[in-house]
Amino acid sequence: MRWVYVALGLGAAVTLVPFVWLIRSALMQDAQMFVAPPEWIPDPFQWSNFTEALTAQPFGRYFVNTVVIAVISVLGTVVTCSIAAFSFSRLRWRGRDAVFAVLLSSIMLPYAVTLIPTFVMWQELGALDTIIPLTVPSWFAGAGGGVLNVFLLRQFFLTIPFELDEAAYIDGASPWRVFWTVVMPLSRPALIVVTIFTFIGTWNDFLGPLLYLTDEESYTLSIGLASFQSMYITQWGYLMAASAAVIAPIIALFFFLQRYFIEGVTLTGIKN
Amino acid sequence: MRRRDLLKLGALALTGACGSSTQQAGRDVPLQFMYWGSTFEQKAVDKMLKAFEQSKPGVTVKPLFTPDEYDVKLNTLVASGKVPDVGYVPMAMSFRLAEQGKLVNLFPYLSKYPQLTGYLDDAYLWYGADKLHGVATANEIELLWYSRSAVAEAGVTPPAVASSAWSWDDLIQNAYRLTVDQNGKHPDESGFDPRRVRQFGISCSITYAAAWYGFLRSNGADFADRAGTRCLLDSPEAVQVFQNLQDLIYKHRVMPGPGQLAATGDDVPGTNILLKTKRVAMVVDGHWSLLDMNESKVDYGIGVLPKYGEPYTTSQVAGASAVFAGTKHPEEAVELFAFHIDPRYVDLYKQGLWMPQERKYYEDQTAIDSWTKNDGHPPEFRTAVVDYARDHGVPDIRGRLKNLSAISADVLTPALQEIETGKRPAAEVLKEVTPKVTGLLQGWQHTQEL
Amino acid sequence: MALSGQKRMERRWGWILAVPAILGFLIFTAGPMVASLAFSLTDWQIGGTPSFVGVQNYQDLVRDELFWQSLSVTTYYTLGSVPVALIVAFAVAMLLNQRVRGLAIWRTIFYLPTLVPSIANVVLWIWIFNPDFGLLNSLLRQHGMWIYDEGTAVPSLIIMSTWGFGNTMVIFLAGLQGVPRHLYEAVSIDGGGPLRRFWHVTLPMMTPTIFYNLVVGVVGTFQVFNQAYVMTEGGPGNATLFYVYYLFRKAFRESEMGYASALAWVLFMVIVLVTFLLFRNARRWVYYEMAAAR
């Protein structure tokens with residue numbers, strides 16, 4: 001097993017570089033950040049980057065706003081995407097694959113050209129300046145880009161032995177029951193993936209909040225971050241410090257959720 | 001969306017042009033002001049808006065702070081007819097929006113608001129005879145920034161007065177003295193290692209038009225002919241300017257080539273940091289760097305650019321400010337427009353990010369002192385910036401040539417990058433690209449005296 | 001008869017459970033898509049009124065040098081980055097699926113590059129690519145120009161993109177949890193070693209996940225945008241003029257939404273075609289449990 005640790009160590013040395021770079025930059029004065037060749041130890045440690053950056057914008061309020069949007073989106077996406085994926089993978093109905101193909105096509109058109117019509121649509125619906133455009137689509141199987149999650153879950157659902165469904169149906173179960181008692185419990189790793197991706201996606205989304213929110217009270221973290229970087233000026237120390245602070249919650253989230261990537265105990269017991 | 005909706009969308013966009021109403025003073029007047037900027041600018045703008053609200057009872061201004069992706073947001077707002085009342089407009093969009101009737105023609109307001117007539121001639125953005133859609137938000141010119149300690153070490157003194165500007169040969173000579181590799185050798189000494197340069201003599205962008213346009217004009221060349229329909233970049237004078245720039249990198253080795261500063265098109269890491277770390281001794285960059293210089297406490301000095309013939313620098317290197325058509329309160333909006341670039345109410349002039357557009361701030365001593373007599377403006381500022389801008393500024397082509405943003409993105413920048421990578425001489429590249437540019441030219445924008 | 005009852009039930013429930021997704025598409029997605037298709041048939045500069053021009057935009061596009069340039073640059077990038085990304089992500093996922101101490105920490109560390117904001121990443125990579133002091137040149141003892149040379153710009157961006165393997169890796173990691181243990185045991189009983197277990201169990205059982213990552217990788221890289229946007233601005237000399245970056249410039253710098261929409265729909269058709277071929281080809285190598293049930 002020693003080789004595993006060697007490989008992990010080597011890999012970690014490489015993958016830690018960007019993060020260490022971010023942290024060292026967050027603790028440096030602007031001038032030292034760009035010294036050539038680069039330096040790794042801040043001198044002096046510029047802790048004030050954190051305090052000053054995080055008070056330069058109302059990050060506390062932005063944090064709450066962002067959490068609200070992220071939580072609503074994650075819930076909606078996980079629930080409705082798994083229901084849809086169940087239908088597209090484990091129930092047989094006419095036109096199923098064609099419908100799926102049409103849904104999937106929505107991720108193949110660059111968003112730049114649907115941006116304006118989508119905006120006009122929300123305008124006609126009177127939903128501008130609210131978080132509705134940022135959250136409601138996620139409750140319709142993540143309409144738009146979220147259809148990726150349906151595809152992902154579909155692929156996972158397809159790896160679960162069909163005998164399990166058959167057995168349940170023979171016992172008189174409804175598809176809904178099969179979904180809840182057979183498929184969902186066996187798909188925890190995939191559901192965690194969707195949770196992580198959706199959360200991070202919403203957390204980092206800049207364009208959505210920028211377009212749909214006009215009240216500075218309701219801005220999100222990503223807009224706060226962008227304000228350190230303008231047309232002519234970048235406040236590097238603040239930008240790096242605030243960036244590090246903003247990704248801390250998602251690192252923690254990943255750390256706690258990855259534990260569900262362990263072999264589904266239930267699967268080991270299944271034999272034909 | 002059906003065809004009808006498509007038309008509706010168009011109609012929606014059109015109605016923006018026809019909004020009209022007369023508003024009595026004293027009633028509730030809500031305005032929206034859209035702008036970009038750093039947290040620094042955000043503070044200054046918020047303060048300015050508060051001052052405006054206080055000076056006009058009944059008026060409230062909602063800021064629409066858009067730190068990034070400004071053109072995406074503005075395009076979306078234009079398409080959906082939800083534009084603000086007053087705001088910044090990227091130069092590439094402003095003339096277009098004006099021609100489409102999306103911006104208020106300010107010409108009729110000139111007689112009512114005399115303040116509007118006091119700006120520098122070059123500041124005005126005309127889109128036809130007696131059609132004025134705004135002014136450049138701030139006056140910005142290109143300067144020669146330098147590290148005081150670096151030039152002192154080498155015994156070099158960049159001139160701060162236009163009349164004693166360096167010739168190009170002077171520049172090269174001084175740049176040699178300022179360029180040092182890690183063993184302390186200069187480029188004209190044997191054993192100089194161009195891969196291990198500790199301090200470059202000079203840095204000047206080849207791809208950024210404002211950086212070289214002053215040189216072009218100084219050498220008697222121009223970007224296009226008088227009609228603005230034929231590109232002149234293949235003229236011997238223009239070729240000379242670009243060949244000289246290329247030579248600074250590859251022949252004289254006093255200027256960093258692509259990637260050597262760890263820089264991208266986004267101007268990473270920034271002139272203040274280049275000078276502070278002495279990666280470069282002298283940098284050609286805009287006046288707006290002054291704020292950064294002071295913020296990061298750089299030991300800097302300001303000089304004028306080298307000249308060929310008449311000394312010139314590019315001026316009006318900024319975005320536009322305008323009043324949007326469809327505002328329900330045009331009078332108040334125009335007043336806010338004048339207010340937001342008035343040095344009396346905006347801190348950004350004293351802090352060094354902006355230079356005033358009103359002429360008196362370059363001519364009247366008290367007015368000049370009001371924005372330059374402070375810690376943020378070094379002693380040479382008067383001659384190297386104020387006088388230089390007033391007497392030697394030539395307006396940036398981005399605010400003067402039609403269709404330039406498309407020309408620049410699709411044709412010109414890739415060609416200039418070829419000059420920058422040094423694979424082919426400037427003459428060859430320019431000869432090839434000039435007819436392509438000519439094919440896309442649509443003439444100069446209209447200009448007129450007030 | 002029970003089976004046909006089940007079939008009827010599946011048919012009915014199938015539609016019902018698909019309704020939210022279908023509604024979502026019809027309400028939020030279909031309209032804007034159709035609108036953009038309509039725009040592609042107009043001469044529409046944002047701010048002006050769209051006028052119908054038929055297929056004029058599509059004809060212009062065929063004569064547009066930059067259209068072809070951006071299409072070929074993007075295809076090059078896709079062909080280069082997708083296989084590399086899949087292999088790296090799969091290998092790392094296998095590694096992180098071992099029973100080792102501190103697994104949570106190892107996994108988090110390997111996922112970190114995905115979480116670091118792009119601007120910090122860009123500044124780092126500019127250093128890595130620096131011709132004088134850069135990490136790559138020091139390691140290789142060479143004087144490569146990386147993103148600053150037309151010839152090496154795209155490969156350099158491919159190398160850079162590989163660091164973003166985290167998401168693909170996580171999907172593989174989740175997929176690995178679904179490989180039934182008894183299959184491994186069966187191979188072991190037959191005297192097979194780790195290599196055999198990999199070829200005969202892991203790989204076939206992972207094909208649905210591999211397929212997902214392949215499709216998503218292709219769809220995503222054809223729309224690659226960010227590196228050109230924040231790092232190279234399409235340069236030098238249009239060497240990294242990614243398709244969507246070019247489209248974005250037309251759409252929001254020039255406000256030429258009609259032309260941009262035509263560009264978008266051409267890319268759409270390219271991606272649909274490639275995805276269709278991938279799906280058809282998938283029948284030959286992707287192993288679904290469904291096959292037995294059908």
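What percentage of the 450 residues of chain B count as buried? I looked this up first, keeping in mind that the model is predicted. The figure for chain B is 58%.

**Chain B, overall form.** I listed the secondary structure and found 17 helices and 13 strands in chain B. I then checked the radius of gyration of chain B, which is 23 Å, close to the 22 Å given by the globule rule for 450 residues, so chain B is as compact as a globular protein of that length. The C-alpha trace of chain B spans about 75 × 50 × 40 Å along its principal axes. I also took the contacts in chain B between residues at least 6 apart in sequence, and 75% of these join residues at least 24 apart.

**Chain C against chain B.** I counted 34 residues of chain C in contact with 36 residues of chain B. On the chain C side, the elements giving two or more residues are α1 (2-39), α5 (118-128), α11 (226-232) and α12 (243-253). The largest share, four residues, comes from α1(C). Sorted by class, this side of chain C has 17 nonpolar, eleven polar and six charged residues.

**Chain A, annotated spans.** I looked up the UniProt record, an unreviewed entry, which places "transmembrane region" at residues 62-86, 98-119, 139-157, 178-203 and 236-257 of chain A. Residues 62-86 of chain A are 100% helix and 0% strand, with the end C-alpha atoms 36 Å apart. Residues 236-257 of chain A are also 100% helix and 0% strand, and their end C-alpha atoms lie 32 Å apart.

Notes:
Residues are numbered from 1 along each chain as its sequence is written. Chains are lettered from A and ligands numbered from 1 in the order in which they are written. This is a predicted model: local features need pLDDT of at least 70, side-chain atom pairs count only at pLDDT 80 or more; totals for chains, interfaces and linings use all residues. Two residues are in contact if their C-beta atoms, placed from the backbone, lie within 7 Å. Ala, Val, Leu, Ile, Met, Phe, Trp, Tyr, Cys and Pro count as nonpolar, Asp, Glu, Lys and Arg as charged, and the others, Gly among them, as polar. The radius of gyration is taken over C-alpha atoms; the globule rule is 2.2 Å times the number of residues to the power 0.38. A residue is buried if 20 or more other C-beta atoms lie within 10 Å of its own, exposed if 12 or fewer, and partly exposed in between; C-beta atoms are placed from the backbone. UniProt positions are given in the numbering used here, feature names are shortened, and annotations may be inferred rather than shown by experiment.
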